[in-house]
Amino acid sequence: MARHVMAVDLGSTGIKVAVVDETGRVRSSAGEVIPLVFTADGGVEQDPHLWWSALGRCARHATADAGCTAGDITLVAVTSQYTSTVPVAADGTPVGNTIMWMDGRGSRHNTASRQPEQRARWLDLHGMAPSGNDDIGHIAFIRNELPDVYAAAAAFVEPMDALAARLTGRVTATQNTMFPMLSVDNRTWGVTQYSDELLAMSGLDPHKLPPLVPMGAPRGDITADAAAHLGVSPRAVVTGATIDSVTSAVGTGAIEPSTCGLIIGTTSVMGTHLGSKRHDIEHGLTTAPSPLPGTWFLVAENGIGGKALDVFVNNMVYADDGLGREVAPDSFDAVLAAAAAVPTGSNGVLFQPWLVGSMAPGLQRRMRGGFANIGLATTRSDMARSVLEGVAMNAAWLLPYFSALAGQSYAEVTLGGGGAGSALWGQIVADCMGIPVRRLANPRTTNAHGAALLALSETGSFALAELPALLAVQQVHHPDPAAHRTMARLTEALVDLHQRTAPFYEALHTKDLHQ
(Lines give C-alpha, C1' and ligand atoms only; values in the text may rest on other atoms or scores of the structure.)
Protein backbone atom coordinates (compact mmCIF):
# COMPACT_ATOMS: atom_id res chain seq x y z
CA MET A 1 0.00 0.00 0.00
CA ALA A 2 1.33 3.40 -1.00
CA ARG A 3 1.65 6.26 1.45
CA HIS A 4 1.79 9.06 -1.13
CA VAL A 5 2.17 9.28 -4.90
CA MET A 6 4.24 11.90 -6.68
CA ALA A 7 2.50 12.31 -10.04
CA VAL A 8 4.38 13.99 -12.88
CA ASP A 9 2.47 15.54 -15.79
CA LEU A 10 4.74 16.71 -18.61
CA GLY A 11 2.76 18.78 -21.09
CA SER A 12 3.75 20.48 -24.32
CA THR A 13 4.59 23.79 -22.66
CA GLY A 14 5.15 22.95 -19.01
CA ILE A 15 5.45 20.41 -16.24
CA LYS A 16 3.21 19.86 -13.21
CA VAL A 17 3.90 17.74 -10.15
CA ALA A 18 1.17 16.74 -7.69
CA VAL A 19 1.40 14.94 -4.38
CA VAL A 20 -1.60 12.63 -3.88
CA ASP A 21 -2.27 10.70 -0.70
CA GLU A 22 -3.37 7.08 -0.40
CA THR A 23 -7.05 8.08 -0.37
CA GLY A 24 -6.71 9.72 -3.78
CA ARG A 25 -6.78 13.31 -2.50
CA VAL A 26 -4.50 15.92 -4.11
CA ARG A 27 -2.45 17.40 -1.28
CA SER A 28 -0.39 19.90 -3.27
CA SER A 29 0.96 20.74 -6.69
CA ALA A 30 3.66 22.81 -8.36
CA GLY A 31 4.51 23.61 -11.97
CA GLU A 32 6.82 25.45 -14.33
CA VAL A 33 6.62 26.64 -17.92
CA ILE A 34 9.09 24.98 -20.32
CA PRO A 35 9.79 26.95 -23.51
CA LEU A 36 9.49 25.59 -27.01
CA VAL A 37 12.32 26.09 -29.51
CA PHE A 38 11.16 27.25 -32.94
CA THR A 39 13.84 26.61 -35.56
CA ALA A 40 14.51 28.60 -38.72
CA ASP A 41 13.45 25.67 -40.92
CA GLY A 42 10.01 25.41 -39.34
CA GLY A 43 10.80 22.88 -36.62
CA VAL A 44 9.48 22.81 -33.06
CA GLU A 45 11.78 21.35 -30.41
CA GLN A 46 12.24 21.29 -26.65
CA ASP A 47 15.28 20.72 -24.47
CA PRO A 48 14.58 17.59 -22.36
CA HIS A 49 17.30 18.56 -19.92
CA LEU A 50 14.97 21.38 -18.85
CA TRP A 51 12.34 18.75 -18.00
CA TRP A 52 14.67 17.11 -15.52
CA SER A 53 15.80 20.29 -13.78
CA ALA A 54 12.21 21.60 -13.56
CA LEU A 55 11.03 18.23 -12.25
CA GLY A 56 13.46 18.41 -9.33
CA ARG A 57 12.36 21.91 -8.34
CA CYS A 58 8.65 21.20 -8.69
CA ALA A 59 8.90 17.88 -6.84
CA ARG A 60 10.55 19.46 -3.82
CA HIS A 61 8.14 22.38 -3.84
CA ALA A 62 5.08 20.12 -3.98
CA THR A 63 6.43 17.83 -1.26
CA ALA A 64 7.07 20.77 1.06
CA ASP A 65 3.62 22.25 0.41
CA ALA A 66 2.02 18.87 1.18
CA GLY A 67 3.81 18.76 4.53
CA CYS A 68 5.48 15.49 3.56
CA THR A 69 8.96 14.13 4.06
CA ALA A 70 10.95 12.19 1.49
CA GLY A 71 10.01 8.92 3.17
CA ASP A 72 6.31 9.62 2.64
CA ILE A 73 6.60 9.45 -1.17
CA THR A 74 6.69 5.77 -2.12
CA LEU A 75 5.29 5.86 -5.67
CA VAL A 76 6.21 8.04 -8.65
CA ALA A 77 3.81 8.09 -11.63
CA VAL A 78 4.51 9.75 -14.98
CA THR A 79 2.22 10.93 -17.76
CA SER A 80 3.07 13.14 -20.72
CA GLN A 81 2.16 14.58 -24.08
CA TYR A 82 2.96 12.27 -26.96
CA THR A 83 3.94 11.95 -30.62
CA SER A 84 7.11 13.77 -29.56
CA THR A 85 10.41 11.95 -30.10
CA VAL A 86 13.28 11.90 -27.60
CA PRO A 87 16.70 10.42 -28.48
CA VAL A 88 18.17 8.87 -25.33
CA ALA A 89 21.26 6.99 -24.16
CA ALA A 90 20.99 3.56 -22.55
CA ASP A 91 20.43 5.09 -19.10
CA GLY A 92 17.72 7.47 -20.31
CA THR A 93 19.92 10.56 -20.55
CA PRO A 94 18.84 12.69 -23.55
CA VAL A 95 21.39 12.97 -26.38
CA GLY A 96 19.50 15.63 -28.34
CA ASN A 97 16.47 17.87 -28.33
CA THR A 98 12.95 16.48 -28.38
CA ILE A 99 11.27 16.77 -31.77
CA MET A 100 7.80 17.94 -30.73
CA TRP A 101 4.46 16.73 -32.04
CA MET A 102 4.00 20.07 -33.81
CA ASP A 103 7.19 19.54 -35.88
CA GLY A 104 6.48 18.54 -39.47
CA ARG A 105 10.03 18.44 -40.84
CA GLY A 106 9.99 14.66 -41.00
CA SER A 107 7.44 14.69 -43.80
CA ARG A 108 10.20 15.38 -46.32
CA HIS A 109 11.99 12.16 -45.33
CA ASN A 110 9.16 9.85 -44.28
CA THR A 111 8.72 7.39 -47.14
CA ALA A 112 6.22 5.34 -45.12
CA SER A 113 3.64 8.12 -45.43
CA ARG A 114 3.89 7.99 -49.23
CA GLN A 115 2.62 4.42 -49.61
CA PRO A 116 -1.18 4.81 -49.99
CA GLU A 117 -1.59 1.17 -51.00
CA GLN A 118 -0.46 0.14 -47.50
CA ARG A 119 -2.86 2.49 -45.68
CA ALA A 120 -5.56 -0.15 -45.11
CA ARG A 121 -3.00 -2.53 -43.64
CA TRP A 122 -1.69 0.13 -41.23
CA LEU A 123 -5.23 0.83 -40.04
CA ASP A 124 -6.03 -2.86 -39.63
CA LEU A 125 -2.93 -3.72 -37.62
CA HIS A 126 -2.27 -0.52 -35.72
CA GLY A 127 -5.19 1.91 -35.93
CA MET A 128 -3.35 4.79 -37.59
CA ALA A 129 -1.44 5.32 -40.82
CA PRO A 130 1.78 7.35 -41.16
CA SER A 131 1.26 11.05 -41.78
CA GLY A 132 4.83 12.31 -41.91
CA ASN A 133 4.10 14.37 -38.79
CA ASP A 134 4.65 11.43 -36.43
CA ASP A 135 7.46 9.54 -34.70
CA ILE A 136 8.41 7.71 -37.90
CA GLY A 137 8.85 11.08 -39.59
CA HIS A 138 10.71 12.57 -36.63
CA ILE A 139 13.19 9.69 -36.59
CA ALA A 140 13.62 9.95 -40.38
CA PHE A 141 14.41 13.66 -39.94
CA ILE A 142 17.00 12.93 -37.23
CA ARG A 143 18.57 10.13 -39.27
CA ASN A 144 18.93 12.32 -42.36
CA GLU A 145 19.65 15.76 -40.94
CA LEU A 146 21.07 15.10 -37.46
CA PRO A 147 23.21 11.99 -38.04
CA ASP A 148 25.36 12.50 -34.94
CA VAL A 149 22.25 12.51 -32.73
CA TYR A 150 20.93 9.44 -34.50
CA ALA A 151 24.20 7.58 -33.97
CA ALA A 152 24.38 8.56 -30.29
CA ALA A 153 20.82 7.43 -29.52
CA ALA A 154 20.45 4.00 -27.92
CA ALA A 155 16.70 4.38 -28.39
CA PHE A 156 14.00 6.77 -29.53
CA VAL A 157 11.21 7.11 -26.99
CA GLU A 158 8.20 9.21 -26.07
CA PRO A 159 8.53 11.87 -23.31
CA MET A 160 6.91 9.79 -20.54
CA ASP A 161 9.27 6.90 -21.33
CA ALA A 162 12.24 9.29 -21.34
CA LEU A 163 11.36 10.47 -17.81
CA ALA A 164 10.67 6.93 -16.60
CA ALA A 165 14.07 5.86 -17.95
CA ARG A 166 15.78 8.79 -16.25
CA LEU A 167 14.09 7.83 -12.97
CA THR A 168 14.95 4.12 -13.15
CA GLY A 169 18.12 4.06 -15.25
CA ARG A 170 16.43 1.61 -17.62
CA VAL A 171 14.86 2.44 -20.99
CA THR A 172 11.49 0.74 -21.49
CA ALA A 173 8.13 1.38 -23.14
CA THR A 174 4.68 -0.20 -23.38
CA GLN A 175 2.11 -0.95 -26.06
CA ASN A 176 0.36 2.24 -24.90
CA THR A 177 3.33 4.60 -24.94
CA MET A 178 4.65 3.31 -28.27
CA PHE A 179 1.32 3.93 -29.99
CA PRO A 180 2.68 7.04 -31.80
CA MET A 181 5.59 4.97 -33.15
CA LEU A 182 3.10 2.92 -35.23
CA SER A 183 5.12 -0.23 -34.64
CA VAL A 184 2.87 -2.55 -32.56
CA ASP A 185 -0.06 -4.71 -33.66
CA ASN A 186 -2.88 -3.27 -31.55
CA ARG A 187 -5.58 -5.75 -32.49
CA THR A 188 -4.70 -7.65 -29.30
CA TRP A 189 -4.50 -5.94 -25.92
CA GLY A 190 -1.32 -6.49 -23.88
CA VAL A 191 1.22 -7.13 -26.65
CA THR A 192 4.88 -6.91 -25.55
CA GLN A 193 6.65 -7.21 -28.88
CA TYR A 194 6.90 -5.18 -32.04
CA SER A 195 5.26 -6.16 -35.30
CA ASP A 196 7.82 -7.28 -37.89
CA GLU A 197 5.41 -6.26 -40.64
CA LEU A 198 4.90 -2.74 -39.29
CA LEU A 199 8.62 -2.28 -38.70
CA ALA A 200 9.32 -3.30 -42.29
CA MET A 201 6.72 -0.85 -43.62
CA SER A 202 7.97 1.98 -41.40
CA GLY A 203 11.68 1.59 -42.07
CA LEU A 204 12.42 1.86 -38.34
CA ASP A 205 15.51 0.10 -36.98
CA PRO A 206 14.26 -2.23 -34.19
CA HIS A 207 17.63 -1.87 -32.45
CA LYS A 208 16.79 1.80 -31.91
CA LEU A 209 13.52 1.03 -30.12
CA PRO A 210 13.08 0.33 -26.39
CA PRO A 211 12.01 -3.11 -25.10
CA LEU A 212 8.29 -3.37 -24.37
CA VAL A 213 7.09 -4.20 -20.86
CA PRO A 214 3.52 -5.03 -19.75
CA MET A 215 1.06 -2.18 -19.34
CA GLY A 216 0.08 -1.54 -15.74
CA ALA A 217 3.31 -3.01 -14.36
CA PRO A 218 5.88 -0.89 -12.49
CA ARG A 219 8.77 0.44 -14.55
CA GLY A 220 11.19 -0.28 -11.70
CA ASP A 221 12.78 1.06 -8.55
CA ILE A 222 13.94 4.65 -8.53
CA THR A 223 17.70 5.19 -8.66
CA ALA A 224 19.48 6.77 -5.73
CA ASP A 225 20.40 9.82 -7.81
CA ALA A 226 16.85 10.29 -9.05
CA ALA A 227 15.41 9.90 -5.53
CA ALA A 228 17.79 12.57 -4.28
CA HIS A 229 16.92 14.84 -7.20
CA LEU A 230 13.18 14.60 -6.52
CA GLY A 231 13.46 14.41 -2.74
CA VAL A 232 11.48 11.15 -2.43
CA SER A 233 12.07 7.84 -0.69
CA PRO A 234 15.08 5.92 -2.07
CA ARG A 235 12.78 2.88 -1.95
CA ALA A 236 10.14 4.51 -4.16
CA VAL A 237 8.79 2.58 -7.13
CA VAL A 238 8.21 4.16 -10.54
CA THR A 239 4.82 2.90 -11.76
CA GLY A 240 3.69 2.42 -15.35
CA ALA A 241 4.08 5.65 -17.33
CA THR A 242 1.38 6.48 -19.89
CA ILE A 243 0.25 8.96 -22.51
CA ASP A 244 -1.61 11.93 -21.06
CA SER A 245 -4.81 11.31 -22.99
CA VAL A 246 -5.31 8.16 -20.89
CA THR A 247 -4.74 9.99 -17.62
CA SER A 248 -7.04 12.77 -18.87
CA ALA A 249 -9.80 10.19 -19.17
CA VAL A 250 -9.00 8.65 -15.77
CA GLY A 251 -8.78 12.11 -14.20
CA THR A 252 -12.29 12.94 -15.47
CA GLY A 253 -13.71 9.52 -14.52
CA ALA A 254 -14.12 8.41 -18.15
CA ILE A 255 -13.10 4.80 -17.61
CA GLU A 256 -15.99 3.15 -19.44
CA PRO A 257 -17.85 3.89 -22.71
CA SER A 258 -20.85 5.55 -21.03
CA THR A 259 -18.73 8.40 -19.61
CA CYS A 260 -17.02 11.21 -21.53
CA GLY A 261 -14.27 13.55 -20.37
CA LEU A 262 -13.04 16.77 -21.96
CA ILE A 263 -9.72 18.33 -21.02
CA ILE A 264 -8.97 21.93 -21.96
CA GLY A 265 -5.25 22.20 -21.25
CA THR A 266 -2.65 23.36 -23.74
CA THR A 267 -4.69 21.29 -26.18
CA SER A 268 -8.27 20.06 -26.03
CA VAL A 269 -8.74 16.31 -25.71
CA MET A 270 -11.95 14.28 -25.49
CA GLY A 271 -11.66 10.80 -24.06
CA THR A 272 -13.31 7.61 -22.92
CA HIS A 273 -12.52 3.89 -22.81
CA LEU A 274 -13.93 1.18 -25.08
CA GLY A 275 -13.84 -2.60 -25.08
CA SER A 276 -12.52 -3.00 -28.62
CA LYS A 277 -10.24 -1.44 -31.23
CA ARG A 278 -12.07 1.00 -33.54
CA HIS A 279 -11.29 3.94 -35.80
CA ASP A 280 -12.81 6.75 -37.85
CA ILE A 281 -9.70 8.05 -39.58
CA GLU A 282 -11.67 10.40 -41.84
CA HIS A 283 -12.45 12.46 -38.75
CA GLY A 284 -9.15 11.91 -36.93
CA LEU A 285 -10.41 9.34 -34.40
CA THR A 286 -8.86 6.04 -33.42
CA THR A 287 -8.27 3.88 -30.36
CA ALA A 288 -5.05 3.09 -28.53
CA PRO A 289 -4.42 0.31 -26.00
CA SER A 290 -4.90 1.63 -22.48
CA PRO A 291 -3.30 0.50 -19.22
CA LEU A 292 -6.84 -0.13 -17.96
CA PRO A 293 -7.11 -3.92 -18.38
CA GLY A 294 -8.65 -5.09 -21.64
CA THR A 295 -9.57 -1.61 -22.87
CA TRP A 296 -8.70 0.76 -25.69
CA PHE A 297 -8.63 4.51 -25.19
CA LEU A 298 -10.63 6.51 -27.72
CA VAL A 299 -8.09 9.07 -28.97
CA ALA A 300 -9.79 12.36 -29.86
CA GLU A 301 -7.21 15.13 -30.12
CA ASN A 302 -9.31 18.22 -30.80
CA GLY A 303 -6.37 20.62 -31.24
CA ILE A 304 -5.26 23.77 -29.45
CA GLY A 305 -7.26 24.55 -26.31
CA GLY A 306 -6.08 26.72 -23.45
CA LYS A 307 -2.96 27.68 -25.40
CA ALA A 308 -5.23 29.79 -27.63
CA LEU A 309 -6.12 31.98 -24.65
CA ASP A 310 -2.45 32.12 -23.65
CA VAL A 311 -1.49 33.30 -27.15
CA PHE A 312 -4.24 35.93 -27.11
CA VAL A 313 -3.24 37.25 -23.67
CA ASN A 314 0.54 37.23 -24.13
CA ASN A 315 0.91 37.88 -27.86
CA MET A 316 -1.95 40.32 -28.44
CA VAL A 317 -3.29 41.94 -25.28
CA TYR A 318 -0.12 42.17 -23.17
CA ALA A 319 2.47 41.61 -25.87
CA ASP A 320 6.09 42.46 -25.05
CA ASP A 321 6.60 44.11 -28.43
CA GLY A 322 6.58 47.80 -27.60
CA LEU A 323 2.93 48.11 -28.62
CA GLY A 324 1.08 46.63 -25.64
CA ARG A 325 0.97 46.99 -21.90
CA GLU A 326 3.18 45.05 -19.52
CA VAL A 327 1.65 41.74 -18.48
CA ALA A 328 0.28 41.73 -14.93
CA PRO A 329 -0.08 38.80 -12.52
CA ASP A 330 -3.87 38.99 -12.88
CA SER A 331 -3.85 39.38 -16.68
CA PHE A 332 -5.80 36.18 -17.36
CA ASP A 333 -8.42 37.09 -14.78
CA ALA A 334 -8.75 40.53 -16.36
CA VAL A 335 -9.21 39.06 -19.84
CA LEU A 336 -11.78 36.53 -18.57
CA ALA A 337 -13.67 39.32 -16.79
CA ALA A 338 -13.72 41.34 -20.00
CA ALA A 339 -14.99 38.30 -21.91
CA ALA A 340 -17.76 37.75 -19.36
CA ALA A 341 -19.14 41.23 -20.07
CA VAL A 342 -19.69 40.35 -23.75
CA PRO A 343 -22.95 38.67 -24.77
CA THR A 344 -23.17 35.12 -26.09
CA GLY A 345 -21.85 35.01 -29.63
CA SER A 346 -19.07 37.59 -29.09
CA ASN A 347 -21.01 40.20 -31.08
CA GLY A 348 -20.52 38.10 -34.19
CA VAL A 349 -16.74 37.58 -33.95
CA LEU A 350 -15.62 34.03 -34.76
CA PHE A 351 -12.29 32.69 -33.53
CA GLN A 352 -10.66 29.89 -35.53
CA PRO A 353 -8.73 27.84 -32.91
CA TRP A 354 -6.56 25.88 -35.36
CA LEU A 355 -3.24 27.49 -34.43
CA VAL A 356 -1.21 24.34 -35.24
CA GLY A 357 -3.67 22.83 -37.66
CA SER A 358 -7.13 21.33 -37.37
CA MET A 359 -7.25 17.91 -35.71
CA ALA A 360 -10.36 15.85 -34.94
CA PRO A 361 -12.86 16.09 -36.52
CA GLY A 362 -11.65 18.48 -39.26
CA LEU A 363 -8.23 16.88 -39.78
CA GLN A 364 -6.59 19.60 -41.89
CA ARG A 365 -3.07 20.01 -40.52
CA ARG A 366 -2.30 23.10 -42.62
CA MET A 367 -5.26 25.06 -41.25
CA ARG A 368 -4.38 28.06 -39.07
CA GLY A 369 -6.15 30.32 -36.64
CA GLY A 370 -7.62 33.77 -36.89
CA PHE A 371 -10.53 36.05 -36.11
CA ALA A 372 -13.37 36.36 -38.62
CA ASN A 373 -16.10 38.98 -38.91
CA ILE A 374 -14.19 41.78 -37.20
CA GLY A 375 -15.79 45.19 -37.77
CA LEU A 376 -15.18 48.81 -36.86
CA ALA A 377 -16.91 48.35 -33.50
CA THR A 378 -15.09 45.12 -32.54
CA THR A 379 -13.32 45.27 -29.18
CA ARG A 380 -10.65 43.13 -27.58
CA SER A 381 -13.33 42.00 -25.14
CA ASP A 382 -15.32 40.60 -28.08
CA MET A 383 -12.19 38.84 -29.27
CA ALA A 384 -11.46 37.47 -25.79
CA ARG A 385 -14.88 35.84 -25.53
CA SER A 386 -14.60 34.56 -29.10
CA VAL A 387 -11.42 32.68 -28.14
CA LEU A 388 -13.31 30.83 -25.39
CA GLU A 389 -16.24 30.18 -27.72
CA GLY A 390 -14.03 29.05 -30.61
CA VAL A 391 -12.35 26.38 -28.50
CA ALA A 392 -15.73 25.26 -27.12
CA MET A 393 -17.35 25.16 -30.57
CA ASN A 394 -14.47 23.06 -31.88
CA ALA A 395 -15.19 20.53 -29.10
CA ALA A 396 -18.93 20.66 -29.83
CA TRP A 397 -18.16 19.91 -33.49
CA LEU A 398 -16.23 16.83 -32.36
CA LEU A 399 -18.81 15.40 -29.95
CA PRO A 400 -21.20 13.76 -32.49
CA TYR A 401 -18.34 11.94 -34.25
CA PHE A 402 -16.88 10.90 -30.90
CA SER A 403 -20.29 9.65 -29.72
CA ALA A 404 -20.87 7.70 -32.94
CA LEU A 405 -17.57 5.82 -32.69
CA ALA A 406 -18.14 5.11 -28.99
CA GLY A 407 -21.70 3.97 -29.70
CA GLN A 408 -23.02 6.27 -26.98
CA SER A 409 -25.31 9.27 -26.59
CA TYR A 410 -23.78 11.34 -23.82
CA ALA A 411 -26.07 13.07 -21.34
CA GLU A 412 -23.20 15.03 -19.78
CA VAL A 413 -19.48 15.72 -20.10
CA THR A 414 -16.92 16.11 -17.32
CA LEU A 415 -14.55 19.04 -17.85
CA GLY A 416 -10.98 19.18 -16.54
CA GLY A 417 -7.68 20.88 -17.33
CA GLY A 418 -6.65 24.49 -16.75
CA GLY A 419 -9.58 25.77 -18.82
CA ALA A 420 -11.95 24.22 -16.30
CA GLY A 421 -10.70 26.72 -13.75
CA SER A 422 -13.00 29.25 -15.45
CA ALA A 423 -16.72 29.07 -14.64
CA LEU A 424 -17.34 31.19 -17.73
CA TRP A 425 -15.59 28.67 -19.97
CA GLY A 426 -17.49 25.82 -18.35
CA GLN A 427 -20.81 27.53 -19.11
CA ILE A 428 -19.75 28.28 -22.69
CA VAL A 429 -18.88 24.60 -23.25
CA ALA A 430 -22.32 23.60 -21.92
CA ASP A 431 -24.04 26.17 -24.14
CA CYS A 432 -22.12 24.95 -27.20
CA MET A 433 -22.71 21.24 -26.57
CA GLY A 434 -26.28 21.55 -25.33
CA ILE A 435 -25.72 19.14 -22.43
CA PRO A 436 -24.67 19.61 -18.77
CA VAL A 437 -20.96 20.01 -18.07
CA ARG A 438 -19.50 18.84 -14.76
CA ARG A 439 -16.56 21.14 -14.04
CA LEU A 440 -14.00 19.52 -11.77
CA ALA A 441 -12.49 21.04 -8.65
CA ASN A 442 -8.66 21.33 -8.80
CA PRO A 443 -8.81 21.03 -12.61
CA ARG A 444 -5.21 22.08 -13.24
CA THR A 445 -4.02 18.77 -11.81
CA THR A 446 -6.46 16.60 -13.80
CA ASN A 447 -3.75 14.70 -15.67
CA ALA A 448 -1.45 14.35 -12.68
CA HIS A 449 -4.39 13.28 -10.52
CA GLY A 450 -5.37 10.70 -13.14
CA ALA A 451 -1.82 9.34 -13.19
CA ALA A 452 -1.81 9.07 -9.39
CA LEU A 453 -5.22 7.36 -9.27
CA LEU A 454 -4.09 4.90 -11.93
CA ALA A 455 -0.92 4.16 -9.94
CA LEU A 456 -2.92 3.66 -6.73
CA SER A 457 -5.32 1.27 -8.43
CA GLU A 458 -2.46 -0.66 -10.05
CA THR A 459 -0.78 -1.11 -6.67
CA GLY A 460 -3.94 -2.22 -4.86
CA SER A 461 -4.92 0.84 -2.83
CA PHE A 462 -8.43 0.69 -4.30
CA ALA A 463 -10.35 -0.86 -7.18
CA LEU A 464 -10.46 0.76 -10.62
CA ALA A 465 -14.26 1.08 -10.41
CA GLU A 466 -13.88 3.32 -7.34
CA LEU A 467 -11.91 6.01 -9.21
CA PRO A 468 -14.82 8.20 -10.47
CA ALA A 469 -16.17 8.57 -6.92
CA LEU A 470 -12.84 10.10 -5.85
CA LEU A 471 -13.27 13.12 -8.15
CA ALA A 472 -14.64 16.36 -6.70
CA VAL A 473 -16.94 18.49 -8.87
CA GLN A 474 -16.79 22.25 -8.48
CA GLN A 475 -19.95 23.08 -10.45
CA VAL A 476 -22.44 21.60 -12.89
CA HIS A 477 -23.22 23.95 -15.79
CA HIS A 478 -26.58 23.48 -17.51
CA PRO A 479 -26.98 24.86 -21.03
CA ASP A 480 -29.11 27.95 -21.47
CA PRO A 481 -31.61 27.16 -24.28
CA ALA A 482 -31.31 30.56 -25.97
CA ALA A 483 -27.52 30.56 -25.71
CA HIS A 484 -27.39 27.02 -27.11
CA ARG A 485 -29.43 28.05 -30.16
CA THR A 486 -27.04 30.95 -30.78
CA MET A 487 -23.94 28.82 -30.35
CA ALA A 488 -25.33 26.03 -32.52
CA ARG A 489 -25.79 28.50 -35.40
CA LEU A 490 -22.28 29.88 -34.87
CA THR A 491 -20.82 26.38 -34.73
CA GLU A 492 -22.36 25.66 -38.13
CA ALA A 493 -20.79 28.87 -39.41
CA LEU A 494 -17.38 27.94 -37.96
CA VAL A 495 -17.49 24.49 -39.57
CA ASP A 496 -18.52 26.05 -42.88
CA LEU A 497 -15.64 28.54 -42.59
CA HIS A 498 -13.27 25.63 -41.94
CA GLN A 499 -14.38 23.76 -45.04
CA ARG A 500 -14.31 26.81 -47.31
CA THR A 501 -10.89 28.08 -46.22
CA ALA A 502 -9.07 24.72 -46.12
CA PRO A 503 -7.90 25.04 -49.77
CA PHE A 504 -6.62 28.55 -49.06
CA TYR A 505 -4.45 27.37 -46.16
CA GLU A 506 -3.30 24.35 -48.13
CA ALA A 507 -2.02 26.65 -50.86
CA LEU A 508 -0.56 29.15 -48.40
CA HIS A 509 1.54 26.55 -46.62
CA THR A 510 2.81 24.69 -49.65
CA LYS A 511 4.35 27.69 -51.39
CA ASP A 512 7.45 29.72 -50.68
CA LEU A 513 6.06 33.13 -49.74
CA HIS A 514 9.44 34.78 -50.36
CA GLN A 515 9.64 33.89 -54.04
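Which residues do ring pairs link into a cluster? The cluster consists of Phe-312, Phe-351 and Phe-371, where rings of Phe, Tyr and Trp (its six-membered ring) pair if their centres lie within 6.5 Å, and planes under 30 degrees apart count as stacked, over 60 as edge-to-face and the rest as tilted.

This is a predicted model, in which local features need pLDDT of at least 70 and side-chain atom pairs count only at pLDDT 80 or more, while totals for chains, interfaces and linings use all residues. Residues are numbered from 1 along each chain as its sequence is written, and side-chain values use heavy atoms, with hydrogens and water left out.

| Pair | Centre to centre | Angle between planes | Class |
|---|---|---|---|
| Phe-351 and Phe-371 | 5.0 Å | 45° | tilted |
| Phe-504 and Tyr-505 | 5.0 Å | 70° | edge-to-face |

Phe-351 is buried at a relative accessible area of 5%, whereas Phe-504 is partly exposed at 48% and Tyr-505 is buried at 11%; buried means under 20% relative accessible area, exposed over 50%, and partly exposed in between (1.4 Å probe, protein chains only).

As for the cysteines, the structure holds zero disulfides, a disulfide being a pair of cysteine sulfur atoms within 2.5 Å. For Cys-58, the nearest cysteine sulfur is that of Cys-68, 16 Å away, and for Cys-260 the nearest is that of Cys-432, at 15 Å. Cys-58 is buried, with a relative accessible area of 2%, and Cys-260 also counts as buried, at 4%.
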